[in-house]
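Me: I have a two-chain model open and want to get my bearings. Can you walk me through it?

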Amino acid sequence: MFRKTLPVFFLVLTLWSSCKKEETPDHNHDPISTSGTAAIHVENVVGTEALQLGVMQYKNASADSFQVDLLKYYISNFEWIRDDGTSYKSLNYQLINASNVSSLDFQLDQIPNGTYTGLKFYLGVDSLSNHTLTNSAALDASSGMIWNWNTGYIFFKHEGKYVDSTGVHQPLLFHFGTDRALAEVTLPLNNLVFNSNSRNVVLKLDLAPLYGSPNAIDFNIWHNNQSLTTQEFPWLDAMKQNFSSSFSVSIP
Amino acid sequence: MSIQVTFTLRLLGFIGVFLMLFQGCAKDEQIVSTQISGPTPYTLVIPPGLPAMVIPANNPMTVEGVALGKKLFFDPILSGDNSISCGTCHLQQFGFTDSLRQFSTGIDQIAGNRNSMPIMNLGWERNFFWDGGASNLESQVIGPIENPIEMHETLSNAIAELNAHPEYPQLFEKAFGSSTIITSNLIKAIAQFERTLISGNSRYDKHAQHALSLTDQEIRGMNVFTDFDKGDCAHCHVLGSTFTDHEFRNNGLDVVSEDLGRGRITLNPSDNGKFKTPGLRNIAVTGPYMHDGRFATLEQVIEHYNNGIQPHPNLDPRLAEMPAGRMSAQDVEDIIAFLHTLTDTEFLTNPAFQKP
């Protein structure tokens, strides 16, 4: 008898438990947390100085003086890399705006507990999201970071001035983007441990290497570049390469 | 009581418990579905001559969304000085083009360099604008709003004005479940309305469905339209359905293209001077013609294809091999008579497409 009813009992139990699961889909936090949170703070700097907007006080590697009136860019799709080569991806888009302090801090959560030795992310927006403007949040099309006649996001915007070779102040306008320009950035982490806690992470973009290393961005040659013609490819490719060496990460 | 009977009773008991559990589960699902009372699904009616329309999964059509999109389409709130709407340059009686204007003027009275495109059967298009620069209908909406020579408005301003409006927050709530208006819902609503602008009930369609007979001249014109050695229009403007192959082609307007067209988007020199093959429905009322509206009449258009093809490096190979003067004066008259059978009076006067 017991032998015959046991399977039915388990069948009912299975149905009951599967039903229960559907009833409470949001009731899934474990009693013991197995993941941590990265509280990321972004700093925009030029060499050793914190970036100040609207002042003509910086020099690029070509010794052109420049100022920044507007600096906005997307960083996205963070990937936390472990020692053994495995990784965890935090799918996320973040719009950094130098004139908006609240854009400089954001959190990435549910990073599995463990020791991490690398952080990878992108300057820009991946091709899956780059060809439609129906995205929301950081990718909302009203952020002033789109091309509306050729669907796509402007990954990086620097608007300001530079002093040309004759000493005259000239407008400087860089609108960097398109799939070709998506720049991968990989940074080493010195054994960053997540243990169900929140860790502060400081991410720095330095405009000195951005306009100098490995490729010198001479403002007398390049000062009005908007990515959407083939003539822009040399500038686009040079900038893309520079982005990979312009970010750094530190754990305070 | 035999063992057999006992077992049967127990089994029935288990089945009873099983049913109760199953019902309990099903009942909850019902409650959930009534709690989330969303907008009403909109059923698109597709005329017999057109294929099924693929609606993007992230923007299902709803009655509330379409109504909101229509209101927005005709509302000047989306322009910089609140003086013009989408409907200002896209007029229903002209197949949603801008009357007889070669170039429309924006809020600053500056003329563009391309002819206002018809808005019809866009649910079957793959990309938008004459050069296909917008990769979906929703994304297209933003172009004219922000273009300095068109509606000249920033999206952030437009969104702020909509959020401060006495009616719109509630209408967005009904259509998209949130009264906080965001760009994606603005462009989704307008795209939903535009997908309802379907033309497929012309005299040609009725003829194709054997509901009426075209005149002898119109039939002759249809034959010239499809004849490889005469019009061969159907090579690109496929006969029936949307009357377009949805490709980009250079049709020999100029030896040198000032406007790079598709090449501006793909950055591929072999696309320079190529423009979208437009559909031909309601073509008799959508003039002037070509991406730059250079031809005022259909006679001029046919004359171009008959005698005026210019040797552009990217000229469509089919047009390159067709001899000039292959169509007689009678052929031209007939083909124009046929093109008039594509006029869909119901579409051009449908009150559902008019300003609410």
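What follows is a short chat about this predicted model.

Me: Start with chain A. How many helices and strands does chain A have?
Reply: Four helices and 14 strands.

Me: And chain B, how many helices and strands there?
Reply: Chain B has 15 helices and two strands.

Me: What share of each chain counts as buried?
Reply: In chain A, 35% of the 252 residues count as buried. In chain B, 41% of the 356 residues do.

Me: What about contacts across the sequence? Take chain A, residues at least 6 apart.
Reply: Of those contacts in chain A, 73% join residues at least 24 apart. For chain B, counting separations of 6 or more, residues 24 or more positions apart account for 67%.

Me: What is the average pLDDT of chain A?
Reply: Chain A averages 90, and 88% of its residues score at least 70.

Me: Where in chain A does pLDDT stay under 50?
Reply: Over residues 6-30. The model has 14 contacts beyond four places in sequence for that stretch.

Me: OK, switch to the core. Which residues have the most contacts inside the largest nonpolar core?
Reply: A:Tyr74, A:Leu123, A:Tyr153, A:Phe155, A:Phe176 and B:Ile190. That core has 91 residues. Note that the list names residues of chain A and one of chain B.

Me: Zoom in on A:Tyr74. What is A:Tyr74 in contact with, leaving aside its neighbours within four places?
Reply: A:Tyr93, A:Gln94 and A:Leu95 are among its contacts.

Me: Next, domains. What does the assignment give for chain B?
Reply: Domain 1 is 63-198 and domain 2 is 203-347. Their C-alpha centres lie 27 Å apart.

Me: How many residues of the two domains are in contact?
Reply: 20 residues of domain 1 of chain B are in contact with 23 residues of domain 2 of chain B. The domain 1 side divides into seven nonpolar, nine polar and four charged.

Me: Which residues other than glycine have a positive phi?
Reply: A:Ala137 is one, with phi near 55°. B:Ser241 is another, with phi near 50°.

Me: Is A:Ala137 buried or exposed?
Reply: Exposed, because A:Ala137 has 12 other C-beta atoms within 10 Å, and the cut-off for exposed is 12 or fewer. A:Ala137 is in the loop between helix H2 (127-130) and strand E8 (146-147) of chain A.

Me: And B:Ser241?
Reply: B:Ser241 counts as partly exposed, with 14 C-beta neighbours inside 10 Å. Its loop runs between H10 and strand E1 (248-249) of chain B.

Me: Last one. What does B:Asp254 touch beyond four places in sequence?
Reply: B:Gln310 and B:His312. B:Asp254 is found in the loop between E1 and helix H11 (262-266) of chain B. B:Asp254 and B:Leu315 are 61 residues apart in sequence, yet 9.5 Å apart in space, C-alpha to C-alpha.

Methods
Residues numbered from 1 in each chain as written. Chains lettered and ligands numbered in written order. Predicted model: local features only at pLDDT ≥ 70, side-chain atom pairs only at ≥ 80, totals over all residues. Core = buried A, V, L, I, M, F, W, Y, C linked by C-beta atoms within 7 Å. Buried ≥ 20, exposed ≤ 12 C-beta atoms within 10 Å, placed from the backbone. Contact = placed C-beta atoms within 7 Å. Domains from an automatic or database assignment. Nonpolar A, V, L, I, M, F, W, Y, C, P; charged D, E, K, R; others polar. pLDDT = per-residue confidence, 0-100.
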